[in-house]
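The sequence and structure are shown first.

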2 protein chains.
Amino acid sequence: MADGADPTRRKRGGGRAGNAARRGTAVIEQSPWRLPVNIDRPTEPLTGEGIEAIHNAAMVILEEIGIEFLNAEALEIMREADCTIDGENVRMGRDFVMEMIGRAPSQFTITPRNPDRQITLGGNHILFGNVSSPPNYWDMELGRKLPGTREMCRNLLKLTQYFNCIHFAGGYPVEPVDIHASVRHLDVLYDKLTLTDKVMHAYSLGPARVEDVMEMVRIAGGLSHDEFDATPHMYTNINSTSPLKHDEPMLDGWMRLARRGQGLVVTPFTLAGAMAPVTMAGAVAQSLAEALCAIALAQYIKPGVPCVIGTFTSNVDMKSGAPAFGTPEYMRATQMTGQMARFYGLPLRSSGVCAANVPDGQAMWETSNSLWAAVQSGSNMVYHAAGWLEGGLIASPEKFVMDCEVIQQIQRYLEPVICDTSPDALALDAIREVGPGGHFFGTQHTQDRYTSAFYQPFLSDWRNFEGWEAAGAIWTPERAHRVYKDIIAHFEAPPMDEAVREELSDFVARRKFEGGAPTDF
Amino acid sequence: MADGADPTRRKRGGGRAGNAARRGTAVIEQSPWRLPVNIDRPTEPLTGEGIEAIHNAAMVILEEIGIEFLNAEALEIMREADCTIDGENVRMGRDFVMEMIGRAPSQFTITPRNPDRQITLGGNHILFGNVSSPPNYWDMELGRKLPGTREMCRNLLKLTQYFNCIHFAGGYPVEPVDIHASVRHLDVLYDKLTLTDKVMHAYSLGPARVEDVMEMVRIAGGLSHDEFDATPHMYTNINSTSPLKHDEPMLDGWMRLARRGQGLVVTPFTLAGAMAPVTMAGAVAQSLAEALCAIALAQYIKPGVPCVIGTFTSNVDMKSGAPAFGTPEYMRATQMTGQMARFYGLPLRSSGVCAANVPDGQAMWETSNSLWAAVQSGSNMVYHAAGWLEGGLIASPEKFVMDCEVIQQIQRYLEPVICDTSPDALALDAIREVGPGGHFFGTQHTQDRYTSAFYQPFLSDWRNFEGWEAAGAIWTPERAHRVYKDIIAHFEAPPMDEAVREELSDFVARRKFEGGAPTDF
């Protein structure tokens, strides 16, 4: 799909009034769907020597210290690849690592069931996804933190679908613990595939889950097995168990998706001072080593399979040991990892994160810090970009809506037209016409451009204090709450062929009847 | 003063217990006073051709359209300089402008009454000042917007002094409208000079005020007139009346400070779509023209007098015409002006701004956007960096405290040590020692560094939800309110020689007796 095209438009011919909701005009005026391109030169705190030093440290970790692969099949493959296996410890030479990594594409596409929602990962693209995997939920109406339910999850999926600035659906936007773990993936994937038409994710939590999700994505896309395997239609994200360990189910899912040519994202969670060295360069080097060995495995299995290197390097609170997010150290680690990802020629994943417990000022400065770090680092994939609170333990619809306002602004910021210096943009004739002490609003130059000249927020209140007070003196989270309720009230799911929906339903029913997935992972 | 030295320390020998407040340890643990250096390469959206195009447009404005100087003396000086004068319209050739601008230093110092608080403007320094000039005040206890008073102003000055991350005192942090305009400058300057020892500002609002403030700064510094004139001890900031006009009192103050070799900042308020073209390049070009002609005037009067080019280019709300701040267009205009300031070899001033009416999420994403734009643009002087609400119509102590948290984080972000890639920082020995599945907290490498490895916030609450809830579930503005009250309760003014204080007092009394300043400006 060409950038800038609006896939929500293609259904307009259908004539159903409810399409207005999908066009994003029923509730708020939002920015159109597009795949933003990051036009800024990345912020690069590392010198060339610094890049070499971190690369060398990552290679020394892989060559001399090694990473544990808690997966017999992966160990066997690595042994076949002439890596040094010692129990579960895998060591690999830098030549091998670099050869394998050289096989990975620097850019690739993922095509969901609605091909107009295809995304391009890599190059200068920067794409955003919803919050993934919080066990808990908070909203203003509830006023407290509760374990996630299917209904909360469905509502957050509706937000994921509604906002054009959100390009892909990550993991479950909240963990619906009211569904038994054995069948949870079936119900949530059914919800995800029917409530959204964006790129889908599978948790690597055991063979049955991974296979079920691939099958459901295949069915929803109306694809044959060969068509599914031919090009990425979904992805998984695995986390190493830092320090220096990859667990059984993660590696299993990783290899399953690799064999079928689907998207692979590996994101070590290297919290400096806890699971990684207290110094950021050391934490970044360790994170790279943990990620690169998984990518080497995937490339050995399936040369050219698309891989993304993820960063989740942050620091702990020095007082309590609690994780901190959106900190100065987090920003620099993200930028440093961006430099390293370009060094390795791999797309980069980072995140929109905060430690705040409620959608207040702290939440927004921490989230702004992390989102700007994503821009500065040249990130291609921004996970958790909307809806994250409490270090990822809480999903909040108000925070989701607030984050989308910030994400829309970032996407507008990346439009080159703002910095146009053509004669028209320099506006010398208008300046001459208005002259000293005049006003530009009435000029033709302004009238021709004013409706589209500036970003128009949907959540910011730009009235003066008196206007804001007269309208109820509503603070941002309460305004976000209303937008959230409006979106849910007016939500219409994207169209799906009835036969496909039935096939999905039948699959879910059959797999539930079979007992779902083992829960002993 | 060497960067990194802490001027609040030099008084420790005095042994007064209250010094703890000045050391910043009584209420919160804050970062030490230092002059941060911006180590990032600026974000530069303009190509070389774009820079040339904007420069040319600014020159065409100055050569062909002209700027009105509503000041007879300035007109006379410009006539003498062979500019083309037509009534109040002044046109000047680009050769003249560039020659004059070439006289301005790219970096200079301002030395307040406490020489350890000397600041360096220009180069890669990025310094921050308090909010200036809101007519109104809001705090959480009050819960509503009220016109400023002297007490509110004094409290905000105490915050200005208290926070080490604030380097200079801008204009009045709130306009104390309970003091008659004829003597307001005397009372507020007395408060500023006794409650703070940081760099001081004079409003260019008529000869009497400017002369009074210069005299008070001279007295407070214990300086002779020659010593005062020898190097900058204060500064003024003037705003053009956009489009294309400089008013009488602004130019008067500008020339008075120029003659005495004090700091000069000129900041056009070019709101795209209102006082400037709706296109950002046009708004930037107009802003540059308005600023450069004032700098040319100053350099003609006093070659080499230090000048800073300010940017305040933003956009209006397309719906209401209200000013918007911290927008994508604002960020890009700031970055573009930064490129132009470097083209002209002039230090840059920008701002920390927002349109939000209360210190909520919107306030923090707008302020974060503008503060990061200050970093990205290579700004040397960040005005209004703490305490600004409602597009500058409200000062708020909670917002002040929240902004200082963000500013501290930016200053920490700029410390090169975060990105150290020395062998110590790469921590290979620690990684080897800990091994797969271990924990870094117990290692010597961590123990040696953990107290200073990471930024420690004073306002962010990094506890988990349950810990935060148990502590009262306090949202950010309320936490900021408590910090504010604590700081005020424990505030001790910086030391001042009693003879100097009396001389200042006497000066104020005498000038009040004389009737103060005319109020017909």
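The sections below treat the relation of the chains, the nonpolar core and the aromatic interactions in turn.

**Relation of the two chains**

The model is predicted. Chain B is superposed on chain A by a rotation of 180° with 0.0 Å of shift along the axis, at an RMSD of 0.0 Å. The two copies are therefore related as by a two-fold rotation axis. In chain B, Gly361(B) has the C-alpha nearest the axis, 2.3 Å from it. Of the interface residues of chain B, 100% are also interface residues in chain A, so the copies meet through the same surface.

Thr421(A) illustrates contact between the chains. This residue is found in the loop between helix 13 (397-413) and helix 14 (423-426) of chain A. Its relative accessible area is 18%; because this lies under the 20% limit, Thr421(A) is buried. Neighbours within four places in sequence aside, Thr421(A) is in contact with Leu426(A) of its own chain and with Leu46(B), Gly50(B), Ala53(B), Ile54(B) and Ala281(B).

**Nonpolar core**

The largest nonpolar core holds 337 residues, of which Met78(A), Phe163(A), Met78(B) and Phe163(B) touch the most other members. Beyond residues up to four places away in sequence, Met78(A) touches Phe69(A), Cys83(A), Ile85(A), Val90(A), Met92(A), Phe96(A) and Leu297(A). Phe163(A) also belongs to an aromatic cluster, together with Tyr162(A), Phe400(A) and Phe458(A).

**Aromatic interactions**

Over all chains, the structure holds 36 aromatic pairs. Two of them are listed here.

| Pair | Centre to centre | Angle between planes | Arrangement |
|---|---|---|---|
| Phe168(A) and Tyr235(A) | 6.1 Å | 85° | edge-to-face |
| Phe441(B) and Tyr450(B) | 5.4 Å | 70° | edge-to-face |

Phe168(A) lies in the loop between helix 5 (150-162) and helix 6 (184-195) of chain A, and Tyr235(A) in strand 10 (residues 234-238) of that chain, so this pair ties together parts that are 67 residues apart in sequence. Both Phe168(A) and Tyr235(A) are buried. In the other listed pair, Phe441(B) is partly exposed, with a relative accessible area of 36%, and Tyr450(B) is partly exposed, with a value of 26%.

Arginine side chains also meet aromatic rings. The charged end of Arg117(A) sits over the ring of Trp33(A), 4.5 Å from its centre. Arg349(A) lies over the face of Tyr383(A), where the distance to the ring centre is 3.9 Å.

Notes. Residues numbered from 1 in each chain as written. Chains lettered and ligands numbered in written order. Predicted model: local features only at pLDDT ≥ 70, side-chain atom pairs only at ≥ 80, totals over all residues. Heavy atoms only, no water. Core = buried A, V, L, I, M, F, W, Y, C linked by side-chain atoms within 4.5 Å. Buried < 20%, exposed > 50% of the residue type's maximum accessible area, 1.4 Å probe, protein only. Contact = heavy atoms within 4.5 Å. Least-squares fit on C-alpha atoms with pLDDT ≥ 70 in both. Helix = DSSP H or I, 4+ residues; strand = E, 2+ residues; numbered from the N terminus. Phe/Tyr/Trp six-rings, centres within 6.5 Å; stacked < 30°, edge-to-face > 60°. Lys NZ or Arg CZ within 6 Å of the ring centre and 35° of its normal.
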